[in-house]
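This report covers selected side-chain contacts and strand pairings in a single model. The sequence and the coordinates are shown first.

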Amino acid sequence: MSSPSSITATATAALLLSLISTVTSHYSSSTFSSSPPAPQSTLWHSARATYYAASDPRDAVGGACGYGDLVKAGYGMATVGLSEALFQRGQICGACFELRCVDDLRWCIPGTSIIVTATNFCAPNYGFTAEGGGRCNPPNKHFVLPIEAFEKIAIWKAGNMPVQYRRIKCRKEGGVRFTIDGSGIFVSVLISNVGGAGDIVAVKIKGSRTGWLPMGRNWGQNWHINSDLRNQPLSFEVTNSDGLTLTSYNVAPKNWNFGQTFEGKQFEA
């Protein structure tokens, strides 16, 4: 299956910045929603979208948001890489978008839209101009979709397709997940499966022998702190881009270990 207008696996590899991270999860929900939740914004904005076809199952692992194996993390193929104009240096990771195909009756599938979660970054290619091949160069607003998602709204031969998009609330099964990694006093926490706004802007952590300690964003939705939190139950306070704060007490038990994933409360969609 090839077309001059379609993105090859090689071209996509140049577009997508892959950062490998490991995540442990016991949940999976990789379906595409057909009944979108109440939108965060009713306004549609113009952009373009292309697709990539994974040549190896390992292509589903990685991403600039740090979610690791997207299937095990519960995101499946309902994911998207964003151009620099949309990515916001990773703060947007976890946000949900609704996309629909427009302006091309040859390739659009009428009356369809998809809901995807931001999990990756489409890197600029300054060897080309924004109009001449640098699809993810500023100021372009560009979405790179798995072919499984792209074919929900358009025929694959469309290639670089005009679309409209809008931010919507995320609906996730189960609670917010906290995957704890690190060593010694260095603690790194990946926050995933976030409902509501989807993206997190501030995190605090609390042990049974500490007060609330602010964490710093490492990259994507990985947050870190240097503090001895071993042999203490851990609580988390997370704030999303809507300004809402969710507190989950004693999420991790006293005997938690690095590499484990724990589930807390969930934001309302």
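Which backbone atom lies 2.7 Å from a polar atom of the side chain of asparagine 137? In this predicted model, the backbone nitrogen of asparagine 125 takes that place, at 2.7 Å from a polar atom of the asparagine 137 side chain. Asparagine 137 belongs to the loop between β5 (114-122) and β6. With a relative accessible area of 3%, asparagine 137 falls under the 20% limit and is therefore buried. Neighbours within four places in sequence aside, asparagine 137 is in contact with Pro124, Asn125, Tyr126, Phe128, Thr129 and Ala130.

**Pairing around β2**

Strand β2 (residues 45-52) has strand β7 (residues 161-168) as an antiparallel partner, joined to β2 by 5 bridges. In this pairing alanine 49 stands opposite methionine 161 of β7. Strand β2 is also joined by 5 bridges to strand β6 (residues 142-146), and here the two strands run parallel. Threonine 50 stands opposite valine 144 of β6. In general, strands of a sheet pair through backbone hydrogen bonds, and the pairing may be parallel or antiparallel.

**Aromatic rings and charges**

The structure holds 9 aromatic pairs. One of them joins tyrosine 51 and phenylalanine 150: the ring centres are 5.0 Å apart and the planes meet at 50 degrees, so the pair is tilted. This pair links distant parts of the chain, since tyrosine 51 is in strand β2 and phenylalanine 150 is in helix α3 (residues 147-150), 99 residues apart. Both partners are buried: the relative accessible area is 3% for tyrosine 51 and 1% for phenylalanine 150.

Ring pairs also link Phe97, Phe143 and Tyr165 into a cluster. Phenylalanine 97 has a charged residue over its face as well, namely arginine 167. Tryptophan 44 has arginine 100 over its face. The distances are listed below.

| Charged residue | Ring | Distance to ring centre |
|---|---|---|
| Arginine 100 | Tryptophan 44 | 3.8 Å |
| Arginine 167 | Phenylalanine 97 | 5.9 Å |

Alanine 85 is part of helix α2 (residues 84-87). Is alanine 85 buried, partly exposed or exposed? Its relative accessibility is 38%, which lies between the limits of 20% and 50%, so alanine 85 counts as partly exposed. Residues up to four places away in sequence aside, alanine 85 touches Pro139, Asn140 and Lys141. Alanine 85 and lysine 141 are 56 residues apart along the chain, and their C-alpha atoms are separated by 5.8 Å.

**The sheet of 8 strands**

An open sheet is formed by 8 strands in the order β14-β13-β10-β11-β12-β9-β8-β15, with antiparallel pairing. Its edge strands are β14 (245-252) and β15 (261-263), each of which pairs on one side only. From one strand to the next the twist averages 30 degrees. Strand β11 (residues 213-219) and strand β12 (residues 222-226) run antiparallel and are joined by 3 bridges. Tryptophan 219 stands opposite asparagine 222 of β12.

Terms used
Residues numbered from 1 in each chain as written. Predicted model: local features only at pLDDT ≥ 70, side-chain atom pairs only at ≥ 80, totals over all residues. Heavy atoms only, no water. Pairing = 2+ DSSP bridges. Helix = DSSP H or I, 4+ residues; strand = E, 2+ residues; numbered from the N terminus. Axes fitted to C-alpha atoms, helices over the stretch in contact; angles between N-to-C directions. Phe/Tyr/Trp six-rings, centres within 6.5 Å; stacked < 30°, edge-to-face > 60°. Buried < 20%, exposed > 50% of the residue type's maximum accessible area, 1.4 Å probe, protein only. Lys NZ or Arg CZ within 6 Å of the ring centre and 35° of its normal. Contact = heavy atoms within 4.5 Å. Polar contact = N/O pair within 3.5 Å; in protein donor to acceptor, adjacent residues only side chain to side chain.
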